[in-house]
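Colleague: This one is new to me. Please put it on screen and walk me through it.

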Amino acid sequence: MKIALSLLFLALSIIIPLYYYPVLEFFVISLKSGWVFGSIYIRLIVIILFTIFLYLLFSKFERTKKIKFIYVLLISLAPGFGISFISPIYDVDYGMIDDSFKIEQIEELSSATGGEYQFKGNRAILAFFTTTCPHCKAVSHKLGVNKDAGQALEVNAFFPGTREDTDVFLDKYNGSTFNSYLIGTDEEFTKMAGYTFPSVFVIDRDGSILKHWTGDMINYTALDYLAELEP
């Protein structure tokens, strides 16, 4: 029985890293842990599960069953942490890696969208996506997770192209809660985005830019920042 139970804990310690991102999203949405702490909790859970596996396994053998749990924990730290690296840690996942790019005139966005977008005097997210870029899809999904977790900031998503392609993108990549707008010409779109996609701004109440990220710079730290910022 103990062998079967120990194998169950070993299996869990392997399965959780294999499904790291769905588990992390569960922590963010359901447990309100935030992205940074959620990512740390998952790795701690993997270490604990591996420790329990090893402790139960040791208890089956005469020579090892008297080893105290604390020593088993110490023995388990390195292999348990190693198993958690089935889903690696990247240095770009943490730290506020924004830049200083600004939108010169927020009023230009209203004109570029045919008057559909209007600045409301609240802090908000302005996200420039194209429907084909992989990073845009990933960032859209993560911002959608933030909204599902209770983020108060509204997300205003701007696209080139057609309304049909935009709606398909938003439906597929967790953007159903976003306000979406089409920008008239590709030239206007790429200029306002800073010629890089995705391009995500946080606009302050006075219309100034608080933060700007491009590509994969929107990491766990940035997502936590957005989740905690008041409109």
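Colleague: Which residue stands opposite His-212 in β5?
Modeller: Phe-201 does. Strands here are DSSP runs of E with at least two residues, helices are runs of H or I with at least four, and both are numbered from the N terminus. This is a predicted model, where local features need pLDDT of at least 70, side-chain atom pairs count only at pLDDT 80 or more, and totals for chains, interfaces and linings use all residues. Residues are numbered from 1 along each chain as its sequence is written, and side-chain values use heavy atoms, with hydrogens and water left out.

Colleague: In what sense do β4 and β5 pair?
Modeller: Antiparallel, over five bridges, with β4 covering residues 199–203. Two strands count as paired if DSSP finds at least two bridges between them. Val-202 has Lys-211 of β5 opposite. The hairpin of β4 and β5 has five residues between the strands, and Gly-207 there takes a positive phi near 90°.

Colleague: And how many bridges join β1 to β4?
Modeller: Five, and those two strands also run antiparallel. Leu-126 has Phe-201 as its bridge partner in β4.

Colleague: What order do the strands take in the sheet?
Modeller: β3-β2-β1-β4-β5, five strands in an open sheet with mixed pairing. At the edges are β3 (179–182) and β5 (209–214), each of which pairs on one side only. From one strand to the next the twist averages 20°.

Colleague: Which strands does helix α8 touch?
Modeller: Helix α8 (residues 186–193) packs on the sheet and touches β1 (124–128), β2 (154–159), β4 and β5. Contact means heavy atoms within 4.5 Å. The direction of α8 makes about 125° with that of β1. Axes are lines fitted to C-alpha atoms, for helices over the stretch in contact, and angles between N-to-C directions run from 0 to 180 degrees. Helix α9 (residues 220–228) packs on the sheet as well, touching β1, β4 and β5, at about 145° to the direction of β5.

Colleague: Why is β4 largely enclosed?
Modeller: Because five of its five residues are buried, that is, under 20% relative accessible area; exposed is over 50% and partly exposed in between, with a 1.4 Å probe and protein chains only. In a regular strand the side chains alternate between the two faces of the sheet. In β4, Ser-199, Phe-201 and Ile-203 are on one side, with Val-200 and Val-202 on the other.

Colleague: Back to Phe-201. Which ring does Phe-201 pair with?
Modeller: With Phe-128, edge-to-face, at 5.8 Å centre to centre and 80° between the planes. Rings of Phe, Tyr and Trp (its six-membered ring) pair if their centres lie within 6.5 Å; planes under 30 degrees apart are stacked, over 60 edge-to-face, and the rest tilted. Phe-128 is in β1 and Phe-201 in β4, 73 residues apart. Both rings belong to a cluster linked by ring pairs, whose members include Tyr-117, Phe-158 and Phe-189.

Colleague: Which ring does Lys-211 lie over?
Modeller: Tyr-225, at 5.7 Å from the ring centre. The rule needs NZ of Lys or CZ of Arg within 6 Å of the centre and within 35 degrees of the ring normal. Arg-43 likewise has its charged end over the ring of Phe-85, 5.4 Å from the centre.

Colleague: New topic. Which cysteines does a disulfide join?
Modeller: Cys-133 and Cys-136, S to S 2.1 Å, where the cut-off is a pair of cysteine sulfur atoms within 2.5 Å. The link is right-handed, with 105° about the S-S bond.

Colleague: Is Cys-136 buried or exposed?
Modeller: Buried, at 0% relative accessible area. Cys-133 is buried too, at 14%.
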